[in-house]
Amino acid sequence: MIDRSVKALLLASLIFVFSFHEALAYLDPGTGSIILQAIIGGIAGSTIVIKIYWHKIKKLFANERESEKKPES
Amino acid sequence: MSDILPEKSSFRDPSGQVFYHHDEVYRTVNTVAAERFEFVRQTGLIEKLMDRNILVGTEIVEDGLRSKIVPNSSYLLKHERIPFISYPYEWPFALLKKAALCQLDAHLIALEHNVTLVDASAYNVQFRGVNPVFIDALSFVPYQEGEFWSGHRQFCEQFLFPLLLNSILGVAPNNWFRGELNGIPSGEFRKLLPARSMLSLNIWLHVILPEFLGRRVREDTIIEDIKSGSFKKLPKIKLQNILKSLVHWVSGLQPKAQKTTWSDYSDNNSYELSADKRKIEIIEKVIMSNRPSSVWDIGCNTGRFSEVAISAGSESVVGFDFDFGALNKACLRAEKNELNFLPLYLNAANPSPRQGWLECERMSLTDRSGANFVLALALVHHLAIGANIPLSQTIKWLLGLAPRGIVEFVPKSDPMVKKMLLLREDIFADYNFENFMELAASHSSSLEPYSLPDSDRVLIYYRRD
């Protein structure tokens, strides 16, 4: 469940990031903030859930690095 | 009515205006906002926020007075007066952080009452001592299920980015903030982020993605989609979670550890313990005989002497210093010892000017003067020698700040001044005690010099009245 929402958030962000052209100067700079909230509201779970998941990812990488180091020591 | 003095910064929101009448602060609630205000009032939110010391004292003025002063308004609010109006570009890290948390707390409590905040302006927060208080009762409006947080970008630019600038990069945002007036722009801030900060999901959510999406999206249809509700909206619980995660993030932010020049000054200064003791005695004695309601401590450092002034009977102290390390320590002191002391950033050689719309949206330091006592300890040499301000102008400015005060004269024989002159030519022929006294006499009616033991420094108690 969490998996799917995080993937969806990242996917949606990537679609947004790469499918639109450079901004016009008149655009309200707050637009990005609202679009992001729409993404969060529509697809992803709460930021806290994502955050927990994010720590897990970081932990995963940290563990990998630690296990890589172990044979050397 | 001629005795109504409009607050010049109160023009952006058509819901109401702030004005002064017989020295009291009032806010009108205009017809356009009457229904919204009535809703907010009936939720009991205003009382709750006041009980928790989050909202400035606010009461509804009875109709008789309202129709007499501002007949076209729907409501008239009377606010508690904040002793000294300060601006976000004058706040050290510790105060900006407190203000950010106050803004978020107010928003979260409001949401529990089905009310939301229409903006997130840092100028809506003021300080009583170092305790933040929200001042704009009309920023609260009824919450519509699913609505987006329209103040997100403003919160980021006026609170979050200035805090992050300090905590990630160790750069004080104040002068940049003062120049921009509305905070640190997202586009500029993003360019400064170091690669390691990209590991933070919060940085992606509040800095990179909003800025990137806003910059890239040019299709008006998307904006239309958002407006028309084709996108799924932001459920309340998710808005609350965004706010709560910001509370969590901001609470943990600390200024990047740096030892500043003056943060250890109180422990590390160049004069003797006996001189220091005597200095405290003199300040205590003079403050006790004056009992000033408002003291300005220019060059307050960590607030040691501000605290002495408060203990000796002054009601409140506004401290000013240009060293952020010292200011953050001063905030800690005020908090720990519960002092009515507000430490602010000031470069005395370049004080806050009048600025903003019509050059009067934000007041200058002089516009806000109202102190009845000034303390200027170990300051004169920084202005007269460090910043090349003529001694005559330095004295005129300092003695002009309040009718009475104590100014410290630090002679050229003092180790601190010697250090300042070590690598530069001494072009300060008139910088001596006799000249100082002569100049000070021309701006005052009485001068009482107090010498300090084992030191060449002199404290001068002046009176203009």
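Trainee: Are B:Trp149 and B:Phe155 buried or exposed?

Mentor: In this predicted model, where local features need pLDDT of at least 70, side-chain atom pairs count only at pLDDT 80 or more, and totals for chains, interfaces and linings use all residues, B:Trp149 and B:Phe155 are both buried, a word that means under 20% relative accessible area, with exposed over 50% and partly exposed in between (1.4 Å probe, protein chains only). Residues are numbered from 1 along each chain as its sequence is written, chains are lettered from A and ligands numbered from 1 in the order in which they are written, and side-chain values use heavy atoms, leaving out hydrogens and water.

Trainee: What makes the rings of B:Phe324 and B:Tyr345 a stacked pair?

Mentor: Rings of Phe, Tyr and Trp (its six-membered ring) pair if their centres lie within 6.5 Å, and planes under 30 degrees apart count as stacked, over 60 as edge-to-face and the rest as tilted. The centres of B:Phe324 and B:Tyr345 are 4.6 Å apart and their planes stand at 20°, so the pair is stacked.

Trainee: Why is the pair of B:Trp149 and B:Phe155 called tilted?

Mentor: Their ring centres are 5.7 Å apart and their planes meet at 45°, so this pair is tilted.

Trainee: Why does B:Tyr345 count as buried?

Mentor: Its relative accessibility is 11%, and B:Tyr345 therefore counts as buried.

Trainee: How do you know that B:Arg362 lies over the face of B:Tyr123?

Mentor: The criterion asks for NZ of Lys or CZ of Arg within 6 Å of the ring centre and within 35 degrees of the ring normal, and B:Arg362 lies over that face at 3.8 Å from the ring centre. B:Tyr123 also forms one aromatic cluster with B:Tyr87, B:Tyr89 and B:Phe177.
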